[in-house]
Amino acid sequence: MSTSNAPIVRHSGVAAPLLQANIDTDVIIPSREMKIVSKEGLGEGLFANWRYTLPGGREANPDFILNQTAYRNTSILLCGNNFGCGSSREHAVWALREYGIRVLIAPSFGAIFYNNCINNGLLPVVLDEDAIREIAAACTDNPQTQQPLINLEEQSVTLLNGSQYEFSIEAAAKHMLINGLDQIGLSLQHAADIEAFEAGDRDQRGWAYLGV
Amino acid sequence: MAKNLLDKLLDSHTVKTLDADHRMIYIDRIFLHERTGSIALKSLAASNRTVQRPEQVFCTMDHIVDTHPGRGDKTQMPSGHLFIEATRHSTAQAGIRLFDIGDANQGIAHVVSAEQGIALPGCTMVCPDSHTCTLGGLGALAWGIGSTEAEHALATKTLVLKKAQAMRVTFNGKLSAGVTAKDMILHLIAAHGANGGAGFAVEFCGEAVRELSIEARMTLCNMAVEFSAVTGFVAPDEKTIAYVKGRPYAPTGERWDQAVAHWRTLQSDPGARFDHEIVIDAGSIEPSVSWGTNPQHSMGVSHPVPSPSENPEAEVRSAMEKAQRYMQLEPGQKLNSIAIDAAFIGSCTNSRISDLRAAAAMLKGKRIAPGVAAVCVPGSSQVKQMAEAEGLHQVFIDAGFEWRESGCSMCFYAGGETFGEGKRVISSTNRNFEGRQGPKVKTHIASPLTVAASALTGRITDPRDFL
């Protein structure tokens, strides 16, 4: 699975509940699992401290939800408050993407983590806790078939039982995700404005400029 | 119209307003380190983009480097040298000043950027590291970003920023003896939640903040991210100006005068509006220690471990129970009776010279408890050198501490180093997350004073017992 910012418009898949609040990026990928200077090869380290029986080991911990047969091929995580708080490590998002996660649904996200999601084609959906509990309840009998459908264009999550939840997302983030855009490319279109700002700013705040 | 400090900092850096909520913000300084900076530079080169203003970009080796005396490129983590080599290569290619291993100015990014005068009041500064908000202590608008955002800043000299809401946190009155900036921020997070600052940029003010040294203000701002705030800052004052003056990358001559004139305008105007206000009586703050797996799980050191069953919210209750299971603590147990295996003084939160001086003053002429492993890692090679010139290293060594080279070290199991599986550690760091300091390690975060006092007794200890 690529870690690139592939477009995401609609997605349905297996949804796994990890409803604990404040799941931090150290839990999503521990420090020691970032072994090479790369955005790839991180999927294996996803949730390593919970997913494997021993630190640094690879023997699956049968108690961890993503290791259970019912949750194989999970691509949607149902999360608690402040998911992705802590360290800025984008590796957390790269690891989720490489594992196959395309959508996260939480009442709130860590701020840096949220931006990292948008930059990597991982859709962060914000819904209130009650809605997330309902979604989780509606998917637990048979997660493989009770797959929620997330429609980013319409900003909705639809369950097989017909329940529908609308979510809001900033227009700019939505545009980036639907089109798989690269923010750097978009910003470079403003190069002339940046140069003009800098020219004026050098007069006013010359002290802030080094090496000139 | 009366402006708050956040407005002033943003307005002076706005290249363009993109929509009602988003602005393109000019970035004055970018700091990188070998773990995330290496990837950003590699990815930037791979996409044929260039670093636009390398003279405003800096890089250090802090996250993965070994901190044992006599270190080289080899780290405790098997492949760590790959990050170090890649960083050396990419920074040389891009013309970026690198504070390499062996450089007299090497150290933790947020310690180096202040002591070198790279971070300045009224500047925007970013680093792919969540604790970049530390530099808010100088009155900089500084925040942590991801690697892709770092590429964006390097390639465009800007970032697109969603307008944060403005929060003011006022600490009225004076701190009691033995209570520090670390206790202030732990108190705030415990009282208002790890999510309490979400969506806000926090201005810290009030008498207790004014009275803090610049280094202590950096400790306070360092953990704004643990409050989920976008950043935190303190308005620069004469103390800030005196701190910055004469530092290697600080402005000089006419530019210094121009800078100082600007910095003196950087306060919230009287009557400025804030979206949220919190007021805290500084005199009521105790030395604080964490008992759980998030900084929100903190309390005064004299208190017992809280009882989850008394919490009305089911989700909070289950999080508390899970945290106490991980920490192997029982409700009602007195915090200051808990035996520790190890003590750590270091990290971007509490490893500056004033932190080491405070801890050394407590340790002087004493020995840590038998069986306790203790390590002190200065925040920068400069701090280390200063401490050695004052003889502080000998105080630490005589007390039974290891004295190390600078780096992030065991704050996050950085170079793969840990006190050992499942050990209980009292630590001057910022995160008590599960596994943060190594597999199953139980971390209690506290001030350097509390860490030193606890190392001496072998149990979590109120530093005021030694005052």
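Predicted model: local features only at pLDDT ≥ 70, side-chain atom pairs only at ≥ 80, totals over all residues.
Lys157(B) forms a salt bridge with Glu195(A), where the closest N and O atoms are 3.0 Å apart.

The side of chain B that touches chain A draws at least two residues from each of several elements, including strand S1 (14-17), helix H3 (80-94), strand S8 (158-162) and helix H11 (314-327) of chain B, helices (H or I, at least four residues) and strands (E, at least two) being DSSP runs numbered from the N terminus. H5(B) supplies the largest share of that side, seven residues.

## Extent of the interface

In total, 72 residues of chain B are in contact (heavy atoms within 4.5 Å) with 60 residues of chain A. The two chains bury about 5,500 Å² between them, 54% of it on carbon and sulfur atoms, where buried area is the accessible area (1.4 Å probe) that two parts lose on being put together, summed over both.

## Helix H10 of chain B

The buried residues of H10(B) are Trp256(B), Ala259(B), Val260(B) and Trp263(B), buried meaning under 20% relative accessible area and exposed over 50% (1.4 Å probe, protein chains only). They cover an arc of only 100 degrees around the axis, which puts them on the same side of H10(B); the arc is that of the directions from the helix axis to the C-beta atoms. These buried residues pack against helix H9 (238-244) of chain B, whereas Glu254(B) and Asp257(B), on the other side of H10(B), are exposed.

## Chain A

The secondary structure of chain A comes to eight helices and eight strands, and its C-alpha atoms fill a box of roughly 65 × 40 × 25 Å, taken along the principal axes. Buried residues make up 58% of the 212 residues in chain A.

## Conventions

Residues are numbered from 1 along each chain as its sequence is written, and chains are lettered from A in the order in which they are written. Local features need pLDDT of at least 70 and side-chain atom pairs count only at pLDDT 80 or more, while totals for chains, interfaces and linings use all residues, and side-chain values use heavy atoms, with hydrogens and water left out.

Methods: Salt bridge = Lys/Arg side-chain N within 4 Å of Asp/Glu carboxyl O.
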